[in-house]
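Subject: Structure handover

Hello,

Here is the structure I promised to pass on. Please open it first, then read my notes below.

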Amino acid sequence: MPEWSAFNSIVTDENLPETSVGFMPLITEPVTEYKTVYTALKNFQNVVSQLQQPRIAVACAEGVCKIARDILLTNPSEFGAIVLLLVHFT
């Protein structure tokens, strides 16, 4: 019996669009500083522009999410394409 993804590819006619995966540059600064989060959000916004996507989901832990949310609420026109996801990293 093939794996689930192989089985689905055999029994479906659905054509899904190609997706792109990329990696962000490393930022060697403390992650809970305002300037670090701002720089990361600018990088995410740049990725959205390069891939010509309407939105990008950014998953972050509670401390970073609070800072990012404050930045997004302060600059809604600058970061309108970013959607924050609060996650718990273990």
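Start with the lining of the largest pocket: its residues divide into 16 nonpolar, 2 polar and no charged. Here Ala, Val, Leu, Ile, Met, Phe, Trp, Tyr, Cys and Pro count as nonpolar, Asp, Glu, Lys and Arg as charged, and the others, Gly among them, as polar.

A word on the source. This is a predicted model, where local features need pLDDT of at least 70 and side-chain atom pairs count only at pLDDT 80 or more, while totals for chains, interfaces and linings use all residues. Residues are numbered from 1 along each chain as its sequence is written, and side-chain values use heavy atoms, with hydrogens and water left out.

**The pocket**

The largest pocket holds about 320 Å³ of space. A pocket is found on a 1 Å grid over the protein atoms alone, as an open set of points where a 1.4 Å probe fits, with protein on both sides within 12 Å along at least five of seven lines. Lining residues have an atom within 4 Å of a point. Grid points are joined across faces, edges and corners, and the volume is the space filled by probe spheres set on the points.

The lining has 18 residues. Ile27, Val31, Ala40, Phe44 and Val64 lie nearest the pocket centre. Helix H2 (34–51), strand S1 (56–60) and helix H3 (62–74) each supply at least two lining residues. H2 gives the most, with 6 residues. Helices (H or I, at least four residues) and strands (E, at least two) are DSSP runs, numbered from the N terminus.

Ala40 has another pairing to look at. Leu26 and Ala40 are 14 residues apart in sequence and 9.2 Å apart in space, C-alpha to C-alpha. Leu26 sits in the loop between helix H1 (4–11) and H2. Is Leu26 buried or exposed? Leu26 is exposed, because its relative accessible area is 81%. The cut-offs are under 20% for buried, over 50% for exposed, and partly exposed in between (1.4 Å probe, protein chains only).

**The salt bridges**

Side chains of opposite charge can pair when their charged atoms come close. A salt bridge is a side-chain nitrogen of Lys or Arg within 4 Å of a carboxyl oxygen of Asp or Glu. How many are there by this rule? The count comes to 3 salt bridges.

Glu78 and Lys42 meet at 2.9 Å, N to O. This pair links distant parts of the chain: Glu78 is in the loop between H3 and S2, Lys42 is in helix H2, and they are 36 residues apart. Glu78 is partly exposed at 25%, and Lys42 is partly exposed at 38%.

Asp70 meets Lys66 at 3.5 Å, N to O. Both lie in helix H3, 4 residues apart, about one turn of the helix. Asp70 also bridges to Arg69, with the closest N and O atoms 3.6 Å apart. Shared partners join Lys66, Arg69 and Asp70 into one network.

**The surface**

Val83, Leu85, Val87 and Phe89 make a nonpolar surface patch of about 330 Å². Such a patch takes nonpolar side chains (Val, Leu, Ile, Met, Phe, Trp, Tyr) joined within 5 Å, from residues with over 30% relative accessible area and no salt bridge. Areas come from the Shrake-Rupley method with a 1.4 Å probe. Val83 lies in strand S2 (residues 82–86). Val83 counts as partly exposed because its relative accessibility is 36%.

Most residues other than glycine have a negative phi. Gln52 has a positive phi of about 55 degrees, although it is not a glycine. Gln52 is in the loop between H2 and S1. At 73% relative accessibility, Gln52 counts as exposed.

Best wishes

Notes
Patch = residues over 30% accessible without salt bridge, like charges linked within 9 Å, V, L, I, M, F, W, Y side chains within 5 Å.
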